[in-house]
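Dear colleague,

I am handing over the structure below. Please look through it before reading the notes that come after.

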Amino acid sequence: MLTNSLVLGAAGGGFNGGDILYQLIMFIILLALLKKFAWGPLMGIMQQREEHIASEIQAAEESRTEAKKLLEEQRNLLKEARTEAQGLIENAKKQGDVQREEIVAAARTESERIKESAKLEIEQQKEQAVAAIREQVASLSVLIASKVIEKELSAADQEKLINEYIQEAGEKR
Amino acid sequence: MHHEAPIKEFLGLNFNLSNVLMITVASAIVFIIALLSTRRLAMKPTGMQNFFEWIMDFVKNIINSTMDWKTGGRFHILGLTLIMYIFVSNMLGLPFAITYDHTLWWKSPTADPVITLTLAAMVVGLSHYYGVKLKGVGEYGRDFIRPMPFLFPLKIIEEFANTLTLGLRLYGNIYAGEILLTLLVGGLAHAGVGGMLAAIIPTLVWQGFSIFVGSIQAFIFCMLTMVYMAHKVSQDH
């Protein structure tokens with residue numbers, strides 16, 4: 001019984017031409033159906049993903065280049081700004097120096113001028129004072145002289161002199 | 001133990017109805033799995049889509065290992081369908097074998113030499129077809145006398161040997177697996193309580209091994225298909 005089944009196998013004897021035909025047709029149908037409904041769309045989506053990834057990589061590459069370019073630009077700008085700032089500071093310093101020089105020079109001239117005018121005034125004052133003293137001395141000497149002369153004058157002459165003086169004083173007023 | 005096959009004659013051809021049933025079931029299962037897995041395709045694959053993409057890459061690698069993708073790409077779908085169909089067929093006979101009125105209805109379709117030889121003959125036939133299509137008749141014919149003209153008879157024999165080995169290897173592995181399962185379950189387990197207890201562990205082990213064998217055989221069938229294809233369509237060796 002056992003050996004019988006082993007020897008005969010699954011094929012029940014005879015040539016199963018129908019099986020062959022059926023298997024072939026079914027396989028071809030299965031192939032066609034799977035191609036249309038399963039493998040085709042799956043391959044499509046895989047292809048699509050491949051393209052997507054490729055384009056993403058491309059985009060990433062591009063944006064990286066862009067970023068690099070921008071970075072370079074920014075760096076250049078920064079450098080420029082720094083140089084400019086340096087220049088501005090330099091300029092300001094120079095200008096400050098110049099201004100300081102100017103101010104100092106102006107102050108010096110001013111002080112010179114003031115000193116000059118002060119000197120001039122002092123000179124004037126001195127001269128005035130000398131003139132005043134000279135006048136005083138003259139009038140004093142006249143006074144002394146008149147006092148000395150007074151002692152030797154007569155009453156008449158004295159009168160006359162007094163009158164003259166009064167007259168003189170009156171005239172002066 | 002000996003089960004009859006339900007053979008009916010129709011249009012002058014013998015149909016083994018159990019084969020017809022199992023071929024239909026296997027095809028339907030493959031189709032339904034593939035259809036359900038690829039219904040919601042997304043750029044970010046999830047679940048079954050991942051699995052199917054893995055199968056695609058797997059078959060692609062098999063093809064790439066035998067020929068370049070430019071000629072091999074056209075066999076991608078054939079290889080995918082073959083490996084899926086044979087794998088599902090191999091698995092079908094594992095959980096149970098249904099007999100009704102001493103006829104065996106439920107088994108692996110690949111446990112029948114007619115089925116496996118049909119697939120093998122189809123593959124070899126396709127390889128000849130693509131050989132002629134891609135290389136032209138002259139180049140295809142000249143391949144039979146390469147590298148030496150006196151090898152021509154061997155080349156002819158090789159074609160038939162290829163077909164036979166391709167089909168019978170698959171058949172033998174799956175059929176042997178099913179026979180042993182039948183013996184364990186139908187013979188030993190029917191011999192009383194002790195026999196049933198004794199049968200549990202070998203049955204489990206053998207079922208596990210049969211899953212392994214079934215997967216390996218599906219892979220080998222696909223691999224050899226691509227090898228024969230490559231042999232016929234590639235320009236030089």
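The notes below cover the contact between the chains, the aromatic pairs and a few charged side chains. Please keep in mind that this is a predicted model.

Interface

The side chains of A:Arg49 and B:Glu53 form a salt bridge, with 2.7 Å from N to O.

Annotated span

UniProt, in an unreviewed entry, places a "transmembrane region" at residues 20-39 of chain A. In the model this span is 100% helix and 0% strand, and its end C-alpha atoms are 25 Å apart.

Aromatic pairs

Over all chains, the search of the whole structure gives twelve aromatic pairs. In one of them, A:Trp39 and B:Phe52, the ring centres are 5.6 Å apart and the planes are at 35°, so the pair counts as tilted. This pair crosses between chains: A:Trp39 belongs to helix H2 (residues 17-150) of chain A, and B:Phe52 to helix H2 (residues 47-66) of chain B. A:Trp39 and B:Phe52 are both buried.

A pair within chain B, B:Phe75 with B:Tyr130, is edge-to-face, with 4.9 Å from centre to centre and 85° between the planes. Its two members come from distant parts of the chain, 55 residues apart: B:Phe75 is in the loop between helix H3 (69-72) and helix H4 (76-92), while B:Tyr130 is in helix H5 (residues 113-142). B:Phe75 and B:Tyr130 are both buried as well.

A:Trp39 also belongs to an aromatic cluster, whose other members are B:Phe51, B:Phe52, B:Trp54, B:Phe58 and B:Phe219.

Charges over rings

In chain A, A:Lys36 lies over the face of A:Phe37, 5.5 Å from the ring centre. In chain B, the charged end of B:Lys60 sits over the ring of B:Trp69, at 4.9 Å from its centre.

Regards

Note on methods
Residues are numbered from 1 along each chain as its sequence is written. Chains are lettered from A and ligands numbered from 1 in the order in which they are written. This is a predicted model: local features need pLDDT of at least 70, side-chain atom pairs count only at pLDDT 80 or more; totals for chains, interfaces and linings use all residues. Side-chain values use heavy atoms; hydrogens and water are left out. UniProt positions are given in the numbering used here, feature names are shortened, and annotations may be inferred rather than shown by experiment. Helices (H or I, at least four residues) and strands (E, at least two) are DSSP runs, numbered from the N terminus. Rings of Phe, Tyr and Trp (its six-membered ring) pair if their centres lie within 6.5 Å; planes under 30 degrees apart count as stacked, over 60 as edge-to-face and the rest as tilted. Buried means under 20% relative accessible area, exposed over 50%, partly exposed in between (1.4 Å probe, protein chains only). A charge sits over a ring if NZ of Lys or CZ of Arg is within 6 Å of the ring centre and within 35 degrees of the ring normal. A salt bridge is a side-chain nitrogen of Lys or Arg within 4 Å of a carboxyl oxygen of Asp or Glu.
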